[in-house]
Amino acid sequence: MSASVVLTGAPGGIGRAIARALVARGDRVVLVARSAPEVARLAGELSRGSRTGTVEALAVDVTRPEGRAAIVRCAAARGCDVLVNNAAIPSFGPLEALDDAHVEAVMATDLVAPILLTRALLPVLRQRSRATVLNVGSAAGRIGLPGFSVYGGAKA
């Protein structure tokens, strides 16, 4: 039985691999990313040879309320039963070298947005018998590594 999946951070390395695997197994996928050209390019690539309507591109910012609202509308229209929170901003360097804006962007994207998006999607997901939320983590969130304090903290 195929699933209807919302995948954030779709064009990135892990996101791209997840998207390919989902489409290959016959799932319907909404690819979400900030960059319209990148997400459209991936959707076009994955749509070749797949059923019409299998892949949809949605260019929104998951850290913005209007971006999350657009995802919820799209998910409701497609009968979404799976959310994959994969969007992330990598961060490496000594903490004192990272400016406030960077730290806030990493925390907003890697920690706060998945929580808020999941909460916003709960009414849609609860209508589905096989609802699933998958949060893509990182080993950096499990072990302390020099230079990964912000990213590791967000992923923990």
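How are H1 and H2 oriented to each other, roughly parallel or roughly perpendicular? In this predicted model, helix H1 (residues 13–24) and helix H2 (residues 36–47) pack at an angle of about 30°. Angles under 35 degrees count as roughly parallel. H1 and H2 are therefore roughly parallel to each other.

**Helix packing**

The axes of H1 and H2 lie 11 Å apart. H1 passes H2 in a right-handed crossing. On the H1 side, the contact is made by Arg16, Ala19, Arg20 and Val23. H2 contributes Leu42, Glu45 and Leu46. By class, this contact of H1 with H2 holds four nonpolar and three charged residues, with no polar ones.

A second pair is formed by helix H3 (residues 65–78) and H4, which pack at an angle of about 35°. Their axes are 10 Å apart. The crossing of H3 and H4 is right-handed. H3 brings Arg68, Ile71, Val72, Ala75 and Ala76 to the contact. H4 answers with Ala113, Leu116, Leu117, Ala120, Leu121 and Val124. The contact of H3 with H4 divides into 10 nonpolar residues, one charged and no polar.

**Pockets**

| Pocket | Volume | Lining | Nearest the centre |
|---|---|---|---|
| Largest pocket | about 400 Å³ | 23 residues | Gly9, Asn86, Ala87, Ala88 and Ile89 |
| Second largest pocket | about 210 Å³ | 15 residues | Asp110, Pro114, Asn135, Val136 and Ala154 |

Which elements each supply at least two residues of the lining of the largest pocket? They are H1, strand E2 (28–33) and helix H5 (149–155). H1 gives the most, with three residues. By class, the lining of the largest pocket has 12 nonpolar, eight polar and three charged residues.

The second largest pocket draws on other parts of the chain. Helix H4 (100–125) and H5 are the elements that give two or more residues to its lining. How many residues of that lining come from H4? H4 provides five residues, the largest share. H4 also packs with H3. The lining of the second largest pocket divides into seven nonpolar, six polar and two charged residues.

H5 links the two pockets in this account. H5 supplies at least two residues to the lining of the largest pocket, and two or more to the lining of the second largest pocket. Ala154 is among the residues nearest the centre of the second largest pocket.

Technical notes: Residues numbered from 1 in each chain as written. Predicted model: local features only at pLDDT ≥ 70, side-chain atom pairs only at ≥ 80, totals over all residues. Heavy atoms only, no water. Axes fitted to C-alpha atoms, helices over the stretch in contact; angles between N-to-C directions. Helix = DSSP H or I, 4+ residues; strand = E, 2+ residues; numbered from the N terminus. Parallel < 35°, antiparallel > 145°, perpendicular 65-115°, else oblique. Left-handed = near helix turned anticlockwise from the far one by under 90°. Contact = heavy atoms within 4.5 Å. Nonpolar A, V, L, I, M, F, W, Y, C, P; charged D, E, K, R; others polar. 1 Å grid on protein atoms, 1.4 Å probe; cavity = no way out; pocket = protein on both sides within 12 Å on 5 of 7 lines; lining within 4 Å. Points joined across faces, edges and corners; volume = space filled by probe spheres on them.
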